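Here is a guided walk through one structure. Keep the sequence and the 3D view side by side as you read.

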Amino acid sequence: MKLHPIAATVLALSALAAASLPVHAQSAMPAAAVASAVDHKAVAAHYADVVYASYSDTLAAAKDLQAAIADFTKAPSADGLNKARKAWLAAREFYGQTEAFRFYGGPIDDAKGPEGQINAWPLDEAYVDYVTGKPKAGMVNNPKFKITKAALAKANERGGEENISAGWHAIEFLLWGQDQSETGPGNRSFEDYVAGKTPNAERRAQYLTVATELLIDNLSYVAKAWEPNAKNYRAKFEAGSKESVRKIIVGLGSLSRGELSGERMEVALNSQDQEDEHSCFSDNTHRDITNNARGIQNVWLGQYTRRDGSKVEGPGLRDLVAVKNPALAEKATAQIADSVKGAEAIPAPFDRAIVKGSAGRPVIEKTVASLVAQSKLLVESASAVGIAKLTLVEP
């Protein structure tokens, strides 16, 4: 998330008439889904199942990352660094899908939420470690800075929104280093972690280890808030029924328009600047975009595929909307699928695809247009299920 202020716009949905669609489009919706007793409460309860499964998988994958980093820092090698990088990429596949659970003041990003310590970006590399031309930059190279979880949390965003000390992208930078290639990611040497080879190698290893521990703590906090059968945020959310469905749609609409198509794609298209891509050190931005789009689809359909390949399935927003307006439900389903397909087609590296004249730029522009269109359909869907107002994040 870019941590500069984002305006919120209140949309009065009562003034929006649902699009008139041909009756024949209704036939594609499963009859059982339309006929079943799907209500706000059932959708909110199943959403909580999807959220908990998603955060649980993310946490498990992050613990795999932690294990790979522990192995690497004990005996630094090129192979060990490569395994840690692969573990980071694997964990991001799951975290990216959880971003559909944001933007409505839930546990991840309420006033006390840890989102800023988990996924804040862009990151000023020199705040953390050395960069080209500044060999002594960063907290890694400042012996007066005590590397602890509390210190990293306190340093996060201190003195500027790009002063990011913690989370996925601090870890990413420590694994890959600066991306100075037009065709590939950063290429940090494993020798940055070998005592005697590079200054402050032991502190760099300590920073990487502690930052990962803090990430695990923050992901654990969020997962616990969604545990079933507990006195936690989830219990209140399930009891919220219609209000909780409003929050769900706020999350999907805000990610669709304000954050994903806006901050993460349009800003980069306009600036054509590598610093405006999400996972710039690993060149993983195309996967971030795909998984964000897929996370929206998961919630809309009420479906999620777990790490072990098992399926979480139940009533989703699509089914609730289909009870009132089957044609609108089908249109939104198709639009969301188009957004996922478009995101999957974005070529890597993203920082080259955003350049004017590149073959990838029209693909990104098409995906942005699809996400904008789906955000409007989500607004119509809210109106269809009796929700009068939404407060959506706008770019």
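This is a predicted model. Begin at Gln272, which sits just after H10 and takes a positive phi of about 55°. Helix H10 itself covers residues 242-271. Its 30 residues reach 40 Å from first C-alpha to last, close to the 44 Å expected at 1.5 Å a residue. The helix is kinked by about 45°, with the kink centred on Gly262. Of the 30 residues of H10, 23 are buried, so the rest of the structure largely encloses this helix.

Compare helix H15, residues 361-384. Its 24 residues should span 34 Å at 1.5 Å a residue, and the end C-alpha atoms are 35 Å apart, which agrees. Gly386 follows H15 and has a positive phi, near 85°.

Now turn to the core. The largest nonpolar core has 114 residues, and Trp168 and Trp226 touch the most other members. Helix H2 (residues 40-74) gives the largest share of this core, 15 residues.

The structure holds 13 aromatic pairs. One of them joins Trp88 and Trp168 edge-to-face, 6.3 Å centre to centre with 80° between the planes. Trp88 lies in helix H3 and Trp168 in helix H7, so the pair ties together parts 80 residues apart in sequence. Trp88 is buried at 0% relative accessibility, and Trp168 is buried at 0% too.

Trp226 and Phe237 have ring centres 5.2 Å apart and planes at 65°, so this pair is edge-to-face. Trp226 lies in the loop between helices H8 and H9, and Phe237 in H9. Both rings belong to one aromatic cluster, which also includes Tyr47, Tyr55, Phe101, Tyr104 and Tyr233.

Note on methods
Residues numbered from 1 in each chain as written. Predicted model: local features only at pLDDT ≥ 70, side-chain atom pairs only at ≥ 80, totals over all residues. Heavy atoms only, no water. Core = buried A, V, L, I, M, F, W, Y, C linked by side-chain atoms within 4.5 Å. Buried < 20%, exposed > 50% of the residue type's maximum accessible area, 1.4 Å probe, protein only. Helix = DSSP H or I, 4+ residues; strand = E, 2+ residues; numbered from the N terminus. Expected span 1.5 Å × (residues − 1). Bend = angle between axes of the 7 residues up to and from the residue. Phe/Tyr/Trp six-rings, centres within 6.5 Å; stacked < 30°, edge-to-face > 60°.
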